[in-house]
Amino acid sequence: MSWFLLLLAGLFEVAWALGLKYSDGFSRPLPTALTLAALITSLTLLGMAMKHLPLGTAYALWSGIGAVGTVVAGIWLFGESVSPARLLSVLLILIGLVGLKLSH
């Protein structure tokens, strides 16, 4: 269950990162409120997952899920660069995440 909570926490991290973009510097009330709700949810789920997972593993996976998810969302939603170097970098993060999970 802790791994599932950690996955959800990472997905909510992607949501609040996207919310930062849509809130336009916190000048738009609804996107700002949704961003803050996603942030609180993400941190709450991360804290719950950390009850049973090592700190370093949980935090690294949470931030890695958020980083990879945000890069993918940026490519998909905002037409950001899909250069080979960028894709290789994301692949390396994914390999690191899998390695952390397998070493637990």
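Is serine 23 buried or exposed? Serine 23 is buried, with a relative accessible area of 1%. That value comes from a predicted model. The cut-off for buried is under 20%, so serine 23 qualifies with its 1%.

Where does serine 23 sit? Its place is in the loop between α1 and α2. Serine 23 touches Arg28, Pro31, Thr32 and Thr35, leaving aside residues up to four places away in sequence.

**The nonpolar core**

Next comes the core. The largest nonpolar core has 11 residues. Among them are Leu5, Leu6 and Ala9. Leu45, Leu46, Ala49 and Leu53 also belong to this core. So do Ala58, Leu61, Trp62 and Leu97.

**Aromatic pairs**

The structure holds two aromatic pairs. In one of them, the ring centres of tyrosine 22 and phenylalanine 78 are 5.6 Å apart. Their planes meet at 45 degrees, so this pair is tilted. The pair links distant parts of the chain. Tyrosine 22 belongs to helix α1 (residues 2-22), and phenylalanine 78 belongs to helix α3 (residues 55-78). The two residues are 56 residues apart.

The other pair joins tyrosine 59 and tryptophan 62. Here the ring centres are 5.5 Å apart and the planes stand at 45 degrees, so this pair is tilted too. Tyrosine 59 and tryptophan 62 are three residues apart in helix α3, so about one helical turn separates them.

| Residue | Relative accessibility | Class |
|---|---|---|
| Tyrosine 22 | 38% | partly exposed |
| Phenylalanine 78 | 32% | partly exposed |
| Tyrosine 59 | 46% | partly exposed |
| Tryptophan 62 | 7% | buried |

**Charges**

Side chains of opposite charge can pair when their charged atoms come close. How many salt bridges does a search of the whole structure find? The search finds one. Glutamate 80 forms a salt bridge with arginine 86. The closest N and O atoms are 3.2 Å apart. The cut-off is 4 Å, so the pair counts at 3.2 Å. Glutamate 80 is partly exposed, at 33% relative accessibility. Arginine 86 is partly exposed as well, at 26%.

Charged side chains also meet rings. The charged end of lysine 21 sits over the ring of phenylalanine 78, 5.5 Å from its centre. Phenylalanine 78 also pairs with tyrosine 22. Lysine 101 lies over the face of tryptophan 3, at 4.2 Å from the ring centre.

**Annotated regions**

Which residues does the UniProt annotation "transmembrane region" cover? The unreviewed entry gives residues 33-50, 57-79 and 85-103. In the model, residues 57-79 are 96% helix and 0% strand. The end C-alpha atoms of this span lie 31 Å apart. Residues 85-103 are 100% helix and 0% strand. Their end C-alpha atoms are 27 Å apart.

Methods. Residues are numbered from 1 along each chain as its sequence is written. This is a predicted model: local features need pLDDT of at least 70, side-chain atom pairs count only at pLDDT 80 or more; totals for chains, interfaces and linings use all residues. Side-chain values use heavy atoms; hydrogens and water are left out. A salt bridge is a side-chain nitrogen of Lys or Arg within 4 Å of a carboxyl oxygen of Asp or Glu. Buried means under 20% relative accessible area, exposed over 50%, partly exposed in between (1.4 Å probe, protein chains only). Rings of Phe, Tyr and Trp (its six-membered ring) pair if their centres lie within 6.5 Å; planes under 30 degrees apart count as stacked, over 60 as edge-to-face and the rest as tilted. Helices (H or I, at least four residues) and strands (E, at least two) are DSSP runs, numbered from the N terminus. A charge sits over a ring if NZ of Lys or CZ of Arg is within 6 Å of the ring centre and within 35 degrees of the ring normal. A nonpolar core is a set of buried Ala, Val, Leu, Ile, Met, Phe, Trp, Tyr and Cys residues joined through side-chain atoms within 4.5 Å. UniProt positions are given in the numbering used here, feature names are shortened, and annotations may be inferred rather than shown by experiment. Contact means heavy atoms within 4.5 Å.
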